[in-house]
Amino acid sequence: MPTLGADMSDGTLVAWKKKPGDPVTRGEIIAEVETDKAAIDVEVFTTGVIEKMLVQPGEKVPVGTVLAIIREAGQPASAPAPQAGPGRLKISPSARQLALELGVELASLQGTGPGGAISREDVVRVAKAGGMRHETRGGTGEQPLAPVAEAAADRLLRMRQAIAAAMTRSKREIPHYYLSTTIGMGRAMAWLGEENLKRPVTERLLYGVLLIKAVALALREVPELNAVWKDGQAAQSRAIHVGVAISLRQGGLVAPALHDTDRQSLSELMQNFRDLVKRARAGSLRSSELSDPTITVTSLGEQGVETVFGVIYPPQVALVGFGKVVERPWVAEGRVLPSPVVTATLSADHRVTDGHRGGLFLAAVDRLLQEPSRL
Amino acid sequence: MTMTKTTYREAVRAGLREALQRDPLVFLMGEDVGRYGGTYACSHGLLEEFGPERIRDAPLSESAFVGAGIGAALGGMKPIVEVMTVNFSLLALDQIVNNAATIRHMSGGQFSIPLVLRMATGGGRQVAAQHSHSFEGWYAHIPGITVLTPATVTDAKGMLLAALREPDPVLIFEHAYLYPMEGELEEAGLVDISKAALRRQGRDVSLLTFGGSLWKSLEAAERLAAEGIEAEVIDLRVLRPLDTATILASVRKTHRAVIVDEAWRTGSFAAEISAQIMEGAFYDLDGPVARVCSAEAPLPYPKHLEDAALPNVEGIARAVRGLLGA
Amino acid sequence: MSVPLTAEEVARAALRILGEIAPEADVASLKPDVSFRDQMDIDSMDFLNFVIALHEALRIDIPEADYSKLSSLTGCVNYVLAMSGGEKTT
């Protein structure tokens, strides 16, 4: 069971997307897991062949529990290949799946469908009669899931609890320091306007991706901020995976990663950002997206906020908050002119960095935003 | 939203009239669309209203007038070309498949063909094999065109108006059996031509169908309901690009699918849908996908033979019962 | 390059798209003259998706400079009709 965020202690396996004997490639979706925050597609971390599933759908297990055994390419099978059930069973694919989910032994089933085939109904009948191997989350076969609305409310409550736990831990353990700077956005906004003129509707950029890219590139210059706190010390990450805070329509928020943010073009970043927001709100994020962020960026400009003093999401060691882009009197070359500006705030972990490095980081963000065409 | 009772034929005519009124670039061309008022009377009265420049009778050469329509579309017009039946459209296959469907791609996007091609399809009217076949599934094989099969009066009108907003060729198949059918016309203009339509909710089986077979499927669903079987009926209505998501969602709910397609079973569009269900919802199936199609013969002329060859209400109900073991 | 749209068609398309973006909102009760953002919870990403969907559904091109004209239902209808009406005379 992968850890998909600080303070996640366990997760429920919802469904396997693969079965024993299936070849899998690193990065492929192998299972669906439900955590306090969302339903997550779990990616497999190695290439090989699935040998055995150790956790059944419906089971809730602690983080770190082995879910399945994968035989890596080239390794011999550890045991003789398992017999594929009781001969050629005449059972519908859906009935087989349901039997697996409800923990009903295939051998205990009697087919009453057309031609003696085992149908879903046959599985449900046996499950109801108590033919389940173990307790599953649904109980009876008729309604394996709680009603949708109830499930949604439940999920919201659990997400609130997860946020509460993470934020409490953050404020208890992390000595935050905050630095704030106002960045002139005249050049960035003018460049964006021109750039978007050239782009079809479907490929236009939001200014948010300029901010995200600037943060990612600035992290190359101050890599101490791109790290996680682990076992009493900071571990810098070579890859820069910026987590972006996304509010969910039903309440709560997630901050999934845009992988290798610094290496994506603005167009790629925009497409991936759009896709990430869409999937975050649809509840179909991938496990690596939740576990990989090396820093978080949050923007509350939409709500009219000017300055954001964010709480660091452990185990990360920094968070950058952006306010609204507003027109303000701005002095440039001795003249006061109206200009769009944005306030950028760094919340950083004082155990890992000091204000001096933090200041350099914000200065780098500012400098990068003055040359938008190079982002 | 206002509702008016009208026939399918009148709905098509209302759509044509509205298109002609709303856009001076629209014109109608085809065999007998002018003085005769259309083989199925869809353009009755339009010649008098819009004149011979915009309601153009064409010579009996499908290849020539469909080609002329493509040329007019290239030149910036918005032609609606009527072909009498899908059987005759085969004479214009080269124009449709090799020209209309390819020019955008072969010109690197420089040219677009906003052509709307309407034609009658389907059997059940005792007009024998040369007027009764269903080839919309063939056309749905071709990338570069949109294939619509309106089955309701609202779709008959609204899909035509939506088709005229497409930058690329759209083929509309009007099931000839439906022309005299009465229904409630929703006066709301455009129909969303990217989505299938759920015509009846059900939990036990999904009936996936389109065109003239929709009504047989709905009737079969009524019959089955009396036996305690609740069939869901999905009107595919857009064969290309196919709304697979709606199909899979329904099958995931009911776990069983029966496809009703008036074309012949072998190599049919029903086969394509079946394959897509297998690819996308195999583990949700509680039984094999079933198909109800026409008998593998040129459609016969005598009524009793034609009836026996075409999908019918009892045949659909029987296929469902077979799947359920009922 | 297309058959001009009617006000009702545009309004229906706009409301359908908004309903897909914000499934929790009661789009039927939106006040047509008040901006969407004052009546429902949509951010700039939602709005961008709205513009893209409108562009795809109605096949109109929408320059970024005109985004502000699409902020309310009435604004959308007037803007789209003006765009397609302008084409009518060609």
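Visitor: What share of the contacts in chain A with a separation of 6 or more comes from residues 24 or more positions apart?
Guide: In chain A such residues account for 62% of those contacts, a contact being two residues whose C-beta atoms, placed from the backbone, lie within 7 Å. The corresponding share is 79% in chain B and 64% in chain C. This is a predicted model, in which local features need pLDDT of at least 70 and side-chain atom pairs count only at pLDDT 80 or more, whereas totals for chains, interfaces and linings use all residues. Residues are numbered from 1 along each chain as its sequence is written, while chains are lettered from A and ligands numbered from 1 in the order in which they are written.

Visitor: How many helices and strands does chain C have?
Guide: Chain C has four helices and zero strands, and its elements run α-α-α-α from the N terminus on. Helices (H or I, at least four residues) and strands (E, at least two) are DSSP runs numbered from the N terminus. Chain A has eight helices and 19 strands, and chain B has 13 helices and 14 strands.

Visitor: Why is Val352(A) called buried?
Guide: Val352(A) has 21 other C-beta atoms within 10 Å. A residue is buried if 20 or more other C-beta atoms, placed from the backbone, lie within 10 Å of its own, exposed if 12 or fewer, and partly exposed in between. Val352(A) therefore counts as buried. Val352(A) sits in the loop between strand S19 (335-349) and helix H8 (355-369) of chain A. Apart from neighbours within four places in sequence, its contacts are Glu224(A), Ala227(A), Trp229(A), Ala234(A) and Val317(A). Trp229(A) is 123 residues away along the chain, with 8.3 Å between the two C-alpha atoms.

Visitor: What makes Glu268(A) partly exposed?
Guide: Glu268(A) has 14 C-beta neighbours inside 10 Å, so it counts as partly exposed. Glu268(A) belongs to helix H6 (residues 266-282) of chain A. Its C-alpha atom is separated by 9.6 Å from that of Glu203(A), 65 residues apart along the chain.

Visitor: Why is H3(B) called roughly parallel to H5(B)?
Guide: The axes of helix H3 (residues 62-74) and helix H5 (residues 93-100) of chain B come within 8 Å and cross at roughly 30°. H3(B) is therefore roughly parallel to H5(B): angles under 35 degrees count as roughly parallel, over 145 as roughly antiparallel, 65 to 115 as roughly perpendicular and the rest as oblique. Axes are lines fitted to C-alpha atoms, for helices over the stretch in contact, and angles run from 0 to 180 degrees between N-to-C directions. On the H3(B) side, Ser63(B), Val66(B), Gly67(B) and Ile70(B) make the contact; on the H5(B) side, Asp94(B), Gln95(B), Ile96(B), Asn99(B) and Ala100(B) do.

Visitor: How do you know that the buried residues of H10(B) line one face of the helix?
Guide: The buried residues of helix H10 (residues 244-254) of chain B are Ile247(B), Ser250(B), Val251(B) and Thr254(B). Seen down the axis of H10(B), they fall within an arc of 95°, so they line one face; the arc is that of the directions from the helix axis to the C-beta atoms. Their cover includes strands S10 (205-209), S11 (231-235) and S13 (257-264) and helix H11 (269-281) of chain B.

Visitor: What makes the bond between Pro314(A) and Pro315(A) stand out?
Guide: Pro314(A) and Pro315(A) are joined by a cis peptide bond, with omega about 5°. Pro315(A) is in the loop between strand S16 (295-299) and S17 of chain A. Another cis peptide bond joins Arg240(B) and Pro241(B), with omega about -5°.
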